[in-house]
Amino acid sequence: MKTDSFALRHIGPRATDIDQMLKTIGADSIDQLIYETLPDGIRLKDDLDLPEGLSESEYTSHILQLAAKNKLYKSYIGLGYHEAFTPSVIKRNILENPGWYTAYTPYQAEIAQGRLEALLNFQTMICDLTGMELANASLLDESTAAAEAMTMLHSLRSRDQKKQDVNKFFVSEEILPQTLAVLNTKAKPLGIEVEVGDHRTFEFSETYYGALLQYPAKYGEVFNYEDFVANANAAGIKVAVAADILSLVVLTPPGEFGADVVVGTTQRFGIPLGYGGPHAGYFATKEEYKRNIPGRIIGVSKDKDGNRALRMALQTREQHIKRDKATSNICTAQVLLAVMAGMYAVYHGPEGLKYIANKVHFSAATLEQKLKELGYEQVNKSYFDTLLVKADAAKIQVIAQANEVNFLSVDENHVALSLNEATNIDDLNVIVKIFAEAAGKEFDPITVLSATSTINGTKRTSAFLQEAVFNSYHSETEMMRYIRKLERKDLSLNHSMISLGSCTMKLNAATEMLPLSMAQWANIHPFAPVDQAEGYQTVLKTLEQQLNVITGFAGTSLQPNSGAQGEYAGLMTIQAYLESKGEGHRNICLIPASAHGTNPASAVLAGMKVVVTKTDEKGNIDVEDVREKAEKYKDSLAALMVTYPSTHGVFESSIKEITQIIHDNGGQVYMDGANMNAQVGLTNPATIGADVCHLNLHKTFAIPHGGGGPGVGPICVAEHLVEFLPSNPVIKTGGTNAIEAISAAPWGSALVCLISYGYIKMLGAQGLKQSTIHAILNANYIKARLSEKFDILYTGECGRAAHEMIVDCRPFKKNGIEVTDIAKRLIDYGFHAPTVSFPVAGTIMVEPTESESKEELDRFCDALLSIREEIDTLADSEDNVLKNAPHTLQMLTSDEWNHPYSRQKAAFPLEYISENKFWPSVRRVDDAFGDRNLICTCAPIETYIEA
Ligand SMILES: *Cc1c(COP(=O)(O)O)cnc(C)c1O
């Protein structure tokens, strides 16, 4: 046996455990178990056509070789992306730390106070810098955030009698090209008319509902938008501003000149370029729009003892939960990156940020002076970091390339260059040299930056980041401990199994993660010439091919940066295809009742009408209902969205019949691939008859969840849809008849695609298949152990689960116990709750994944069985060990103890816990209180002084 095989590290159960597990399950062999789980007729006959897996050491050499093929030029291209320096204390303690990157979305607030605080810092930072009242905890990137602003303002029209039917949205021609492309994509199905023009000559009229401006403009000019906003408001036009976050340190924040929404990216706050992402987009607005904000908002509330506790605010109103009434489909966002950007502000504080922003600005001003001395004309009258220079672009380009520098060629006679935090005097002199050579003049170097500001009339005067957290941790020791203090409050995969059904919390291997830290992967600008990114091109092309093989499809786009984005992208390609056949009128989307909320939300955003189909009493899709509805709508049927195996964790044997019905009635089949972990190597979307699917690389393909992002949601499509795969306006990607961009960067979040590439490379065909088989084995083992004392809802025809199962907790209502009580009690046992009340209210959905060992599965089952016993022996009182869960150290060590059960029973109900106790930092959090008293920023410094 090859003991250096990566599969042995990735897969939990040891060979010696298998017999015991099968015995418990009641299967003779793994083959038999799989035979009983997967219906006949959808099983793959051949192994995946992928090479054998590499060992970890082989992969590490391989990825180093590829890294060397990326050229580390200095990029001054700008357009929303700037080189940034990640403080090492943040890189080492967050980006490279599984305590942070393996956490899940903070749905269980009691064991997520660390990242909730980090996100509250992020929101506070955004509010302060933009001058707005309310910010969310990140969006996917600047362009999709701008599109969310456009749609949110569109949905707000209903508040204004005169605007009800107004569909025109003005976009300044100064907007970033990728943002305009994303806006165009998003506007079309919603009937929004995007009108691009010059904001200086715009005629304000009642026929527009909203407008979008870029601040500073795409080639660097800083316009004063005060009059524009005032005139717009007078005409009832709401204004969104896309703003550069670092520039807001020195420029008047949009909130101070009346903007309704401010969006942008926080990439330059210490986040690597990563060839396009992941980076945290931001979205800030006025308090009055709090019910309409896309994404998640973190708010302050209190716990059962009245102590301050954080949680996701307005949680039950997270947009996609409204299904087809939602105005946004965003689910996974960019939590890890938002945490890092917030920490960047914590570490630098207001003075540090001012120093950085001024250094960037003074560098630009000094450079302008030098270029003028060389006889160049600089066009921007007021600017922050970007110069627009009149010059022979082709000539400059050639010399720049020879000096390993990238500028932006605006047109034949203009070159733009954006400076950044990492630009030093030596770098400036390389630039001066290039322009001197092009002018045929002598090179006279810059020796010192001149501290003169060229910003006219839009200088920031207001203070920002006055809160204590931004003024306390400026030494590395203090910062390291602050990060660690927060980390300790959170339960991540480095503590215990996180069995969230539908979320696939598997191993995120260190060997997969390490390349993210390397400069040759981290510091490549997404709009750098493709020939400078050969390493990336190899990884991305190969990953596309790997995913084609795994899904059985013909083409893949890596652009969507979340699962929900993938859904949307997939539906848009379907629509483009139908249109190309003259069937653009087809707009009905059938969605089973059990589908994830993002499905109907995405369908509506793609301009489709959702028709819900029934689920039968076994949890399966009601085939007759699908047939009836498909036939009823045969002239207008566009698509079926189906999750497979089902959201209930079952391989429905009727799937091929279902997909055939849709095709027979002129529709396309969209498969939600969130449950791909049960399919890889055994079956695939093409085999079941789908036309397109998205995959969540942050579930099945080992990208860590990061506390709620990043994600990558590629779409894989059959041959007839390949030509419609999405494009990018700056770097050519996508099909020959491509739809416009879905997200900002050409290949989405390219940096983290490395993780999935490594995962597939190291597992190889056999390892991938074995992972799927062990995921099914682990799930059925848990099912067998729990079914002694719990009802497991919905199984396949032979009584098998796929890779996850639903455990019914509704029967305990008669004991006064809710599913939430069980979820919170699991914390006392050291476990994160499984998925609560999805897809069935009052249940938990358990998905162990292949990475968990038999020992860990046993501890988890022991915990649930022990809780079951606690339920059976409850005294007739609300004061019980479940209702009071979770128990904090503070509560248990207080001098007073008046509960009818012991402290020992509260904290250490099973033996294994004493070895590995997790202490929640707060008691049960009061959600409703926080929603009634919405506070979504850190307390201002005065409250600390008073205290
Ligand atoms: C996770 C999930 C999604 C959404 O993916 P995001 O990356 O969070 O947008 C969609 N459908 C199902 C079934 C899922 O489990």
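Where in the chain is the place of proline 645? Proline 645 sits in the loop between β19 (637–643) and α21 (655–664), and a cis peptide bond joins tyrosine 644 to this proline. Please keep in mind that this is a predicted model.

**Nonpolar cores**

- The largest nonpolar core has 224 residues, and those that touch the most other members are Met125, Met343, Trp521 and Phe701.
- Helix α23, which spans residues 750–786, is the top contributor to this core, giving 21 residues.
- Apart from that core lies another one of 37 residues, including Ala145, Ala242, Ala313 and Leu314.
- Tryptophan 521 is worth a look in your viewer: leaving out residues up to four places away in sequence, it touches Ile63, Leu66, Ala67, Asn70, Gly274, Tyr275, Pro515, Gly535, Tyr536, Val539, Leu751 and Leu754.

**The ligand and its shell**

- There are 14 residues around the ligand, and Thr332, Ser502, Gly563, Asp672 and Lys699 come nearest.
- By class, the shell around the ligand holds three nonpolar, eight polar and three charged residues.
- Helix α18 (residues 563–580) gives the most to this shell, with three residues.
- Aspartate 672 has a side-chain N or O atom 2.6 Å from a nitrogen atom of the ligand.
- Histidine 698 also takes part through its side chain, where an N or O atom is 2.7 Å from an oxygen atom of the ligand.
- For lysine 699, a polar side-chain atom lies 2.7 Å from a ligand oxygen atom.
- Taken alone, the ligand exposes 380 Å², and the protein buries 98% of that area.

**Glutamine 559**

- Glutamine 559 is found in the loop between β16 (555–557) and α18.
- Is glutamine 559 buried or exposed? Its relative accessible area is 1%, so glutamine 559 falls under the 20% limit and counts as buried.
- The side chain of glutamine 559 makes a polar contact at 3.2 Å with the backbone oxygen of serine 727.
- A polar atom of the glutamine 559 side chain also lies 2.8 Å from the backbone nitrogen of isoleucine 742.
- Setting aside neighbours within four places in sequence, the contacts of glutamine 559 include Pro726, Ser727, Asn728, Thr733, Ile742, Pro746 and Trp747.
- Glutamine 559 and glycine 734 are 175 residues apart in sequence, while their C-alpha atoms are 9.1 Å apart in space.

- Aspartate 625 belongs to helix α20 (residues 623–632) and is buried, with a relative accessible area of 5%.
- Not counting residues up to four places away in sequence, aspartate 625 touches Val612, Thr613 and Lys614.
- Glutamate 368 lies in helix α11 (residues 335–373), and its relative accessible area of 7% makes it buried.
- Beyond its neighbours within four places in sequence, glutamate 368 is in contact with Gln378, Asn380, Tyr383, Leu387 and Thr454.

**Backbone details to check**

- As background, most residues other than glycine have a negative phi, and most peptide bonds are trans.
- For the cis bond between tyrosine 644 and proline 645, omega is about -15 degrees.
- Another cis peptide bond runs from glycine 709 to proline 710, with omega near 20 degrees.
- Proline 710 lies in the loop between β21 (692–695) and β22 (715–717).
- Tyrosine 275 has a positive phi, near 60 degrees, and its place is in the loop between β7 (261–265) and β8 (281–285).
- Tyrosine 275 is buried, at 1% relative accessibility, and it is one of the residues that tryptophan 521 touches.
- Threonine 849 has a positive phi as well, near 70 degrees, and is placed in the loop between β26 (843–846) and α25 (854–872).
- Threonine 849 counts as buried, because its relative accessibility of 1% is under the 20% limit.

Conventions: Residues numbered from 1 in each chain as written. Predicted model: local features only at pLDDT ≥ 70, side-chain atom pairs only at ≥ 80, totals over all residues. Heavy atoms only, no water. Core = buried A, V, L, I, M, F, W, Y, C linked by side-chain atoms within 4.5 Å. Buried < 20%, exposed > 50% of the residue type's maximum accessible area, 1.4 Å probe, protein only. Helix = DSSP H or I, 4+ residues; strand = E, 2+ residues; numbered from the N terminus. Contact = heavy atoms within 4.5 Å. Near = heavy atom within 4 Å. Polar contact = N/O pair within 3.5 Å; in protein donor to acceptor, adjacent residues only side chain to side chain. Areas by Shrake-Rupley, 256 points an atom, 1.4 Å probe, with all protein chains shown as cover. Nonpolar A, V, L, I, M, F, W, Y, C, P; charged D, E, K, R; others polar.
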